[in-house]
Amino acid sequence: MRLTFAPMEGVTSAVFRRVHRDFFPEADLYYTPFIAPDSKGSFKSSLLRAILPENNCGIPLVPQFLVNNAEVFLSVARQAADLGYEEVNLNLGCPSATVVSKNKGSGQLRDLPALDALLADIFSRSPVAISVKSRLGFSSPDEIDALMAIYRQYPIRELILHARDREGYYKSKPDWDAFSRALCGAPFPVTYNGNIFTVDDYARLRRRFPTLDAVMLGRGAAANPALFRLLHGGEPLSLSEFRSFHVALCQAYAASGLSPHYTASRMKEHWYYFISLFSDCTRPYKALLKARDTDELSARASLLFETCPFDGSAGFRQS
């Protein structure tokens with residue numbers, strides 16, 4: 001079973017990918033947080049740096065693009081090809097209201113004729129293979145049947161299905177029945193995505209779908225960076241290992257040019273997930289979130305490490 005790391009804005013940056021790969025090399029593939037080019041197919045230099053091969057040495061990576069225009073998609077696909085990538089990913093799954101309002105991400109699932117036309121154009125002209133990350137539908141998981149009728153027409157490298165509709169965001173229960181209908185008879189590899197946080201979650205999924213090609217981990221892997229190892233039968237994350245990972249991640253952000261203030265801000269984004277590894281630590285966690293710079297954050301993290309029970313097999317807890 002292939003295990004891949006989901007694209008997560010603010011989490012799976014190039015800095016994070018490098019540190020994570022050094023400590024936990026069990027992930028088979030990473031996807032970049034979505035890159036949204038402008039109407040001319042250009043994107044910010046910071047986003048270009050994030051996918052430069054030299055910034056992702058030894059990391060199996062697929063760039064993901066948030067695009068609703070064929071010419072723009074083909075432009076960024078050619079740029080990715082020039083950098084040596086053999087595959088790009090089309091984001092049809094982001095549920096953010098600001099993204100949907102621009103008819104991007106899962107917003108494109110509302111207009112199936114337009115989506116069909118987009119896919120027909122890009123698949124006929126793309127210089128690289130295309131994988132697709134989608135939801136089961138926009139308003140209902142039952143929309144997956146009409147979606148699959150479209151998807152099956154195209155040589156999709158891999159279909160990654162988040163087992164919710166857009167209206168479910170990340171809180172509704174994944175619909176395994178609807179996912180099963182998508183999986184049945186799909187002419188391309190299908191990857192499951194949605195609420196795999198623990199070894200038990202993974203075991204249940206495998207029992208239900210024994211022929212599944214791959215699983216994409218998002219919030220579960222952001223909370224427990226050793227989750228890939230756990231699912232491959234390896235050892236739980238140890239506190240000393242996590243502390244070393246935490247130090248290395250702080251140092252890597254600082255080395256990338258972030259100020260102590262912004263390094264602390266980035267680390268606090270990670271702590272939204274990391275806190276799932278600890279229990280009975282409301283006060284130390286609140287203190288950590290008030291840290292103004294790297295020194296304060298490191299000191300408050302050390303206090304949390306020393307005073308809060310740790311569970312290296314824990315999964316993400318939704319707030």
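## Helices α1 and α11

V15, F16, V19, H20 and F23 of α1 meet E241, S244, F245, A248, L249, A252 and Y253 of α11, where contact means heavy atoms within 4.5 Å. By class, this contact of α1 with α11 comprises nine nonpolar, two polar and one charged residues. In this classification, Ala, Val, Leu, Ile, Met, Phe, Trp, Tyr, Cys and Pro count as nonpolar, Asp, Glu, Lys and Arg as charged, and the others, Gly among them, as polar. The structure is a predicted model, in which local features need pLDDT of at least 70 and side-chain atom pairs count only at pLDDT 80 or more, while totals for chains, interfaces and linings use all residues. Residues are numbered from 1 along each chain as its sequence is written, and side-chain values use heavy atoms, with hydrogens and water left out.

Helix α1 covers residues 14-23 and helix α11 residues 239-255; their axes come within 10 Å and cross at roughly 150°. α1 is therefore roughly antiparallel to α11. Angles over 145 degrees count as roughly antiparallel, under 35 as roughly parallel, 65 to 115 as roughly perpendicular and the rest as oblique. Axes are lines fitted to C-alpha atoms, for helices over the stretch in contact, and angles run from 0 to 180 degrees between N-to-C directions. The crossing of α1 and α11 is right-handed, a term used if the near helix is turned clockwise from the far one by less than a right angle, with left-handed used if anticlockwise. Helices (H or I, at least four residues) and strands (E, at least two) are DSSP runs, numbered from the N terminus.

## Helices α5 and α6

The axes of α5 and helix α6, which spans residues 144-151, come within 10 Å and cross at roughly 25°. α5 is therefore roughly parallel to α6. The crossing of α5 with α6 is right-handed.

From α5, the residues L112, L115, D116 and L119 meet A146, L147, I150 and Y151 of α6. The residues of this contact divide into seven nonpolar, no polar and one charged.

## Helices α13 and α14

Helix α13 (residues 282-289) packs against helix α14 (residues 294-307) at an angle of about 170°, with the two axes 9 Å apart. The two helices are therefore roughly antiparallel to each other. P284, Y285, A287 and L288 of α13 make the contact with L297, R300, A301, L304 and T307 of α14. By class, the contact holds seven nonpolar, one polar and one charged residues.

α14 has 14 residues and reaches 20 Å from its first C-alpha to its last, close to the 20 Å expected at 1.5 Å a residue; the expected span is 1.5 Å times one less than the number of residues. Buried residues of α14 are T294, E296, L297, A301, L304 and F305, where buried means under 20% relative accessible area, exposed over 50% and partly exposed in between (1.4 Å probe, protein chains only). The cover over the buried residues of α14 includes α11, α12 (260-274) and α13. R300, also in α14, is partly exposed, with a relative accessible area of 27%. Leaving aside neighbours within four places in sequence, R300 is in contact with A287, L288, K290 and A291. The C-alpha atoms of R300 and D116 are separated by 51 Å, and the two residues are 184 residues apart along the chain.

## Buried loop residues

S106 is placed in the loop between α4 (97-100) and α5 (112-125). With 0% relative accessibility, S106 counts as buried. Not counting residues up to four places away in sequence, S106 touches L92, G93, C94, P95, V100, F138 and R166. S106 and G137 are 31 residues apart along the chain, with their C-alpha atoms separated by 7.8 Å.

M8 is in the loop between β1 (2-5) and α1. This residue is buried, with a relative accessible area of 10%. Its contacts, leaving aside neighbours within four places in sequence, are P33, G218, R219, A222 and Y273. M8 and A222 are 214 residues apart in sequence and 8.7 Å apart in space, C-alpha to C-alpha.

## Positive phi angles

Most residues other than glycine have a negative phi. Y169 is not a glycine, yet has a positive phi of about 45°. Y169 is found in the loop between β7 (159-165) and α7 (176-183), and at 33% relative accessibility counts as partly exposed.

D280, a residue other than glycine, has a positive phi near 55°. D280 is in the loop between α12 and α13, and at 70% relative accessibility counts as exposed.
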